[in-house]
Amino acid sequence: MSRDTSHQSFTSHRAIALAETGFSSNAEGIPYSQAFGDVYHSADGGTAQARHVFLAGNRLPGRWQGRESFTILETGFGLGLNFLETWRALDEEPSGPSRMHFISVEKYPLSPTALAEAHARWPEHATRSRELAGAWPLPLAGFHRLHLAGGRISLTLLLGDASALLPQLTASVDAFYLDGFAPSRNPDMWSAAVFEQLARLAAPGATLATWTVAGAVRDGLGACGFAVEKRTGFGSKREMLAGHLAKPPIRQGPPAHQSTHERRAIVIGAGLSGATCAERLAARGWTVEVIERHSAPALEASGNPAGLAAPVINLADAPNAQLSRAAFLYALRHFAALGELPEPATRVGGVLRIARDEREAERFAGLLRDLSYPAALARFADRAEGSAMAGRPVARAGIWFPSGTHVSPGAICAASLARHAARIHCRFGIRAARLEADTNDWKVFDEAGTCVASAPVLVVASALDARSYVQTTGIRLETVRGQVSLFRPAGGQGLDIAVTGERHAVTLPDGRIMLGATFQPGDDGVELRAADHAANIALVESMLPGLCTGLDPGRLEGRVGFRAATPDRLPAFGPLSAEHPGLHVATGLGARGLVWAPLCAEWLAAHITGEPSPVALDLAAGFSPERFRN
Ligand SMILES: Cc1cc2nc3c(=O)[nH]c(=O)nc-3n(C[C@H](O)[C@H](O)[C@H](O)COP(=O)(O)OP(=O)(O)OC[C@H]3O[C@@H](n4cnc5c(N)ncnc54)[C@H](O)[C@@H]3O)c2cc1C
Ligand SMILES: C[S@@+](CC[C@H](N)C(=O)[O-])C[C@H]1O[C@@H](n2cnc3c(N)ncnc32)[C@H](O)[C@@H]1O
């Protein structure tokens with residue numbers, strides 16, 4: 001197999017599954033890549049090499065002592081041995097950083113099974129290896145952030161080509177592990193373009209280490225501002241390289257509010273946006289005051305009994321599809337990490353999207369063929385299969401999202417606010433009416449003009465109300481009314497999965513069926529309408545014939561909510577403008593709050609704390625509130 005032809009297909013198609021490298025073992029039993037004609041680690045020992053070359057070469061663990069957070073960037077995740085050894089070193093040091101970011105770029109990720117098999121040779125890593133394999137992402141190009149070791153380690157895997165993905169990374173890196181295959185066989189990993197990115201990402205005092213002393217590598221690193229020196233190599237290798245950034249870093253330090261060491265924030269709003277932002281900040285040791293005008297969380301848009309989570313799919317794999325896929329995969333991990341949800345609990349049953357008509361069914365089939373997603377993300381399901389999954393007849397074929405889910409947004413909010421209860425203080429029954437900045441803090445005033453909270457960082461997560469302050473009027477949000485219909489099915493027969501299309505239908509944990517939802521831009525009527533129930537019934541009947549037989553729209557229960565939607569239907573998370581340092585918004589979740597909120601909240605928390613971004617730069621630009629500035 002030639003490496004020039006075997007791995008090219010996906011680089012320009014970010015959705016396409018990554019091919020595995022020709023992974024095998026050489027005559028000595030060392031993991032070997034047929035495509036590159038090279039071994040994954042030294043024949044003298046993979047983990048010992050990791051300790052000698054990469055940890056000691058970067059003066060670790062010594063250099064991370066006393067640090068709150070420390071960031072390592074590796075080129076070539078491979079078997080993850082360097083990662084496991086770094087994790088072990090952290091495990092052995094409870095006084096080390098409370099947050100370790102390990103970022104690794106890998107073009108040919110192994111399957112979790114291949115990883116687990118390879119790790120079997122290092123029984124001392126059995127527990128860590130199991131946790132890694134359990135969290136391992138689907139083989140989809142792009143950024144994948146995994147939280148491991150109880151949240152102490154964030155592993156951000158950049159699946160794809162190093163020279164394409166490193167320019168998409170926002171991070172301030174303390175130590176680099178350069179571990180491509182031999183430069184002569186794997187020049188892409190040792191190119192000037194890659195070295196320039198390392199220099200761009202280097203934090204003040206950044207160091208690097210690698211097992212190779214190839215002249216081109218020394219020269220290339222030197223040309224980008226790294227001073228390198230030869231040290232004693234590992235095993236049969238006489239020498240290795242260690243180095244440090246010898247010029248002023250390109251990345252400046254964190255914004256002023258981050259260097260105060262005052263890790264306090266206010267969040268306005270206790271819906272999905274506010275609760276997930278509070279949780280992500282509190283997970284980083286921040287103390288968060290949540291100001292909510294109602295007497296409990298999730299009483300507005302996030303108060304529906306259930307919402308569906310599934311990614312957007314389109315043939316072009318446009319940025320909205322790429323971002324929604326990354327957000328969906330992160331949301332699933334996030335929901336799982338919240339553990340047992342308060343009732344009503346998560347119901348992971350998969351989501352089936354039924355085609356509107358036969359033409360759309362054909363389009364779905366073609367789309368899924370062309371995108372060649374892993375079946376665990378999405379695949380075509382014909383009508384018979386869809387009917388078997390739903391437990392009742394469906395009208396047409398569709399797209400099956402096996403890991404799609406429906407869940408109570410309120411349960412997610414409650415679990416998020418409870419997760420770090422000691423650091424999240426909810427203050428209910430207060431309407432944040434006015435904001436004011438003084439030298440150090442943002443102050444929030446209630447309607448009586450009393451200052452109710454102050455902190456260096458403020459996150460306005462109050463959905464449509466987020467645009468009501470003089471500092472935030474620039475955000476463009478539209479009200480989109482939605483009415484759901486609720487009924488108890490005759491004979492108690494429900495749906496085994498969530499079904500979606502022009503409407504949703506799900507069975508709630510209490511046995512009722514929820515049909516949702518109308519989509520009425522610009523309509524702010526709060527009353528329940530029989531005509532809207534009738535519209536929900538008609539569209540659900542066109543997907544699930546007979547489900548609603550005999551229902552009287554005039555007598556149905558329901559609920560009305562209002563989505564806060566942006567013109568381009570992408571969220572708005574981040575700082576609004578440089579004029580208001582410390583002020584951020586978290587809104588615009590529109591019709592997909594369950595999908596967007598966790599990843600956007602993680603992005604915002606990383607941005608606020610100056611930690612590596614979990615989202616590629618070009619995709620993060622899609623949800624920046626700054627896009628509304630003229
Ligand atoms: C009918 C309907 C169906 C939906 N279905 C789905 C679905 O299937 N899947 C999906 O992913 N998403 C769905 N959504 C969208 C999802 O529910 C929303 O995107 C999400 O809940 C929005 O969360 P939020 O925190 O931004 O807003 P909200 O939940 O509205 O929270 C904002 C909070 O801010 C508080 N607040 C506002 N102003 C102030 C103030 N001045 N001071 C203090 N507090 C304030 C409010 O009281 C509220 O609690 C649906 C939405 C609707 C309406
Ligand atoms: C020597 S192995 C890495 C070993 C690994 N660090 C470990 O601890 O097990 C080199 C890795 O670089 C990856 N790789 C090769 N070319 C790449 C490229 N252009 N972009 C990203 N990764 C690449 C290979 O797939 C392989 O996994």
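Predicted model: local features only at pLDDT ≥ 70, side-chain atom pairs only at ≥ 80, totals over all residues.
Begin by selecting ligand 2 together with the 23 residues around it, of which Gly 76, Gly 78, Leu 79, Lys 107 and Ala 162 come nearest. Coloured by residue class instead, the shell around ligand 2 divides into nine nonpolar, eight polar and six charged residues.

Next, select strands S20, S21 and S22, which form, in that order, an open sheet of three strands with antiparallel pairing. Strand S20 (434-437) and S22 are the edge strands, each pairing on one side only, and the twist from one strand to the next averages 20°. Between S20 and S21 there are four bridges, and on this side of the sheet Arg 434 can be found opposite Phe 445 in S21. Moving across, strand S21 (residues 442-445) is joined to strand S22 (residues 451-455) by four bridges, with Trp 442 standing opposite Ala 455 in S22. The hairpin of S21 and S22 has five residues between the strands, and Gly 449 takes a positive phi there, near 85°.

Finally, select helix H15 (residues 593-609), whose 17 residues should span 24 Å at 1.5 Å a residue; the distance between its end C-alpha atoms is 23 Å, which agrees. Step past the end of H15 to Gly 610, which follows the helix and has a positive phi, near 75°.

Methods: Residues numbered from 1 in each chain as written. Chains lettered and ligands numbered in written order. Helix = DSSP H or I, 4+ residues; strand = E, 2+ residues; numbered from the N terminus. Expected span 1.5 Å × (residues − 1). Near = placed C-beta within 6 Å. Nonpolar A, V, L, I, M, F, W, Y, C, P; charged D, E, K, R; others polar. Pairing = 2+ DSSP bridges. Axes fitted to C-alpha atoms, helices over the stretch in contact; angles between N-to-C directions.
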